[in-house]
Amino acid sequence: MYPTAFDYRAPASLDETLSVLKERGDEAKVMAGGQSLIPLLKLRFARPELVVDIGRLPHLNAIGRDDGHLVIGALARHVDIENSPEVAASALMLAEAAHWIADPLVRNRGTLVGSVCHADPAGDWGSVILAMHADLVARSASGERVIHAADFFKGPFETALKPDEVVTGVRIPVGKGRGGGAYLKLERKVGDFATVAVAVHLHLDGNKVEAAGIGLTAVGPNNIKATEAEHFLRGKEPTDEVIAEAARIASDAAEPKDDIRGSAAYKKDVVRVFVQRGLKAAVARAKEGRS
Amino acid sequence: MKVSMTVNGSERSGDVEPRVLLVDFLRTNLRLTGTHIGCDTSSCGACTVLIDGEPVKSCTQLAVQADGRAITTVEGLATAAGLSPMQIGFHEEHGLQCGFCTPGMMLVGTALLEHNPNPTEEEIRWAISGNICRCTGYMNIVKAIKHAAALRESSEVVPRETAAAATGGE
């Protein structure tokens, strides 16, 4: 299978990338590792006139800490996140999620930021950044802006990103108080998209939940933030009863459809069970100081 | 567009459209047909090659993305001295039936042993989890990679039959 013909640019700098996108952003697709875009090009679901390959830009593959945040550069690959000591120490859920993405070969090329910008409703990273209240840093020729994860996903394969913008990295707040998270995914086999997956993260203040984040994968038009369940948990002691009720509320936020991976009712129930298990794991990790 | 890359240690170049996939550049332009096209949808791993030592699906890479990189295909595993430990492993442990997935399996195994010379069975199974064998010969593929690890550990790699012949047969 061949993509339709396109022009190809591989800018040597971010400034050059931004000026190309200023000129031709409307007809362009930005490519990092290409693990989502190339299949779309081959199936001819995407027919851009220009592919802007940012895969060779310097300094964008870093994973580091900055002012209470874990910062994941636009070119940090799934495998880099999976193996990063920095991630393991400050946001274990990311390493856990990375391990479940696609297969080892795809993880050698695909990136977190590329996956998020692709905005597949079955994408794993969208739920992770929703649960962790992350910010995306978007650059264009006219400057930089920060987009909250909660404002980023607009529908299937649709985001708040403008045609002349490129995401340079994701900033994830970490290291404040006692936090813990978990990513749980049901997939039929390695490499398949999720039947259902959930990301949960919380901070404890004493015995009570200070803040919680819950993201849902593959159960709606985009990754869903289970806001009501997050609010329900705030200020409460995470007892088994409270966790069970939060999980029930979270499953109400899911809008799954029947498909070959399962019925809508089944998927909704998997959301409930996974949120329940995930919250219990997150509480245990927060108490152990395992992020 | 002009692309240049090191393929199995030699400098190779060509003139391709940006939409040409790496697997097609290798098979059609360079006539290296050991890299197979299986599903063509990034699912099966038959097209696996190593890019700078890491296994990647060449059906889901553009040739232009590989410009300036070092590529290893199955044709690059053997040396003038003979088969590589991974190839001997697959030969001696019957790690193939139809052979279609074998180039990808051997390249993934080769990359695994480079950074983990003595993997557990579990680690081998995870490493090959992106590569599908439709003969379902996974048991022997895992054994073959394990055997290759043992061969690499021993100072010189001597195929069993050669070793047997040298000592007067079995």
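Modeller: The model is predicted, so local features need pLDDT of at least 70, side-chain atom pairs count only at pLDDT 80 or more, and totals for chains, interfaces and linings use all residues. Residues are numbered from 1 along each chain as its sequence is written, while chains are lettered from A and ligands numbered from 1 in the order in which they are written.

Colleague: What makes chain A as compact as a globular protein of its length?

Modeller: The secondary structure of chain A comes to 11 helices and 14 strands; helices (H or I, at least four residues) and strands (E, at least two) are DSSP runs, numbered from the N terminus. The radius of gyration, taken over C-alpha atoms, is set against the globule rule, which is 2.2 Å times the number of residues to the power 0.38. For the 291 residues of chain A the rule gives 19 Å, and the radius of gyration is 19 Å, close to the rule, so chain A is as compact as a globular protein of that length. Its C-alpha trace spans about 55 × 45 × 30 Å along the principal axes.

Colleague: Why is A:A102 called buried?

Modeller: A residue is buried if 20 or more other C-beta atoms lie within 10 Å of its own, exposed if 12 or fewer, and partly exposed in between, with C-beta atoms placed from the backbone. A:A102 has 26 C-beta neighbours inside 10 Å, so A:A102 counts as buried. This residue lies in the loop between α5 (92-100) and α6 (104-107) of chain A. A:A102 has a positive phi of about 45° although it is not a glycine. In chain A, buried residues make up 56% of the 291 residues.

Colleague: Is B:R31 buried or exposed, and how do you know?

Modeller: B:R31 has 8 other C-beta atoms within 10 Å, so B:R31 is exposed. B:R31 sits in the loop between α1 (22-29) and β3 (48-51) of chain B. B:R31 also has a positive phi, of about 60°, without being a glycine.

Colleague: What makes A:E86 partly exposed?

Modeller: A:E86 has 18 C-beta neighbours inside 10 Å, so A:E86 counts as partly exposed. A:E86 belongs to helix α4 (residues 85-90) of chain A. Leaving out residues up to four places away in sequence, A:E86 touches A:I63, A:G64, A:R65 and A:L70; two residues are in contact if their C-beta atoms, placed from the backbone, lie within 7 Å.

Colleague: How do you know which strands stand at the edges of the sheet?

Modeller: Two strands pair if DSSP finds at least two bridges between them. The open sheet of 5 strands in chain A has the order β4-β5-β10-β6-β7, with antiparallel pairing. In chain A, β4 (63-66) and β7 each have a single partner strand, so they stand at the edges and one side of each is left without a neighbour in the sheet. From one strand to the next, the twist averages 25°; axes are lines fitted to C-alpha atoms, for helices over the stretch in contact, and angles run from 0 to 180 degrees between N-to-C directions.

Colleague: What makes β6(A) and β7(A) a pair?

Modeller: Strand β6 (residues 135-140) of chain A and β7(A) pair in the antiparallel sense over 6 bridges. A:D135 has A:H148 as its bridge partner in β7(A), and A:S140 has A:G143. A hairpin through 2 residues joins β6(A) to β7(A). Strand β7 (residues 143-148) of chain A is hardly covered, as the count of buried residues among its 6 residues is 0.

Colleague: Where does chain A divide into domains, and how do you know?

Modeller: Domain bounds come from an automatic or database domain assignment. Chain A is divided into domain 1 (7-53), domain 2 (63-173) and domain 3 (178-286). The contact between domain 2 and domain 3 of chain A takes 25 residues from each. On the side of domain 2 that touches domain 3, α8(A) gives the most, with 6 residues.

Colleague: How many residues of chain A are in contact with chain B?

Modeller: The contact joins 21 residues of chain A and 23 residues of chain B. On the side of chain A that touches chain B, α6(A) gives the most, with 3 residues.
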